[in-house]
Every structure is written in C-alpha cells, then in structure tokens.
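I opened this entry to keep track of what I looked up. The notes follow the order in which I went through the model.

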Amino acid sequence: MNAQTMNSSICPECEGVLHLPADLMEGEIVPCGDCGAELEVLSLTPAGAGPCS
Ligand SMILES: [Zn+2]
C-alpha cells in the first residue's frame, strides 16, 4: 500500500515540482520553493496550483 501523505504539482511559473502538504486547503497560497512564486491552490484532486495574482 502506498499511503499518500504528500501531494505534488507542477509550478506553472518554472515547471518545478511543488510539494504540497497533505492538509492543504483549496484556496491556500503556497510558495514555490524553486522560483518563489506565490501560487493559489485551485484544486485538490488532482492537486493543481496557479498564480494568485
Ligand atoms: Zn516555480
């Protein structure tokens, strides 16, 4: 069994991998660890994020 404790998504700014916490809330702002862009969580299943501006 492979318990999913982390979601991941692709940063739309730099195409780096975003690691999202398991307790992520829709609409939450998460910073990209690679380029520093602030991304709004658009959906959880599957995890998706986009620029919040
Ligand atoms: Zn990025």
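**The sheet**

I began with the sheet: 3 strands form an open, antiparallel sheet in the order β3-β4-β5. β3 and β5 stand at the edges with a single partner strand each, so one side of each has no neighbour in the sheet.

I noted the ground rules next. This is a predicted model, in which local features need pLDDT of at least 70 and side-chain atom pairs count only at pLDDT 80 or more, while totals for chains, interfaces and linings use all residues. Residues are numbered from 1 along each chain as its sequence is written.

**The whole chain**

I found 0 helices and 5 strands in the protein. From the N terminus on, the elements run β-β-β-β-β. Helices (H or I, at least four residues) and strands (E, at least two) are DSSP runs, numbered from the N terminus. Of the 53 residues, 17% count as buried. Buried means 20 or more other C-beta atoms within 10 Å of the residue's own, exposed means 12 or fewer, and partly exposed lies in between; C-beta atoms are placed from the backbone.

**Strand pairs**

I then went through the pairs; two strands pair if DSSP finds at least two bridges between them. β3 (residues 29-31) and β4 (residues 38-44) pair in the antiparallel sense over 3 bridges. Their hairpin has 6 residues between the strands, and G36 there takes a positive phi near 85°. β4 and β5 (residues 47-51) pair over 5 bridges, also in the antiparallel sense. A hairpin of 2 residues joins β4 to β5.

Which residues stand opposite E40? I29 stands opposite E40 of β4, and in β5 the bridge partner of E40 is G50. V41 stands opposite A49 in β5.

**The core**

What makes up the largest nonpolar core? I listed 8 residues: C11, L18, V30, C32, A37, L39, V41 and A49. Such a core is a set of buried Ala, Val, Leu, Ile, Met, Phe, Trp, Tyr and Cys residues joined through C-beta atoms within 7 Å.

I checked L39 for contacts (C-beta atoms, placed from the backbone, within 7 Å). Leaving out residues up to four places away in sequence, L39 touches C11, L18, I29, V30, C32, A49, G50, P51 and C52.

**E38**

E38 has its place in strand β4. Is E38 buried or partly exposed? E38 is partly exposed, because 13 other C-beta atoms lie within 10 Å. Not counting residues up to four places away in sequence, E38 touches I29, P31 and C52. E38 and C52 are 14 residues apart in sequence, yet 6.4 Å apart in space, C-alpha to C-alpha.

**E15**

My last stop was the loop between β1 (7-10) and β2 (17-20), where E15 is found. Phi of E15 is near 65°, a positive value in a residue other than glycine. Most residues other than glycine have a negative phi. E15 counts as exposed because it has 9 C-beta neighbours inside 10 Å.

Note on methods
Two residues are in contact if their C-beta atoms, placed from the backbone, lie within 7 Å.
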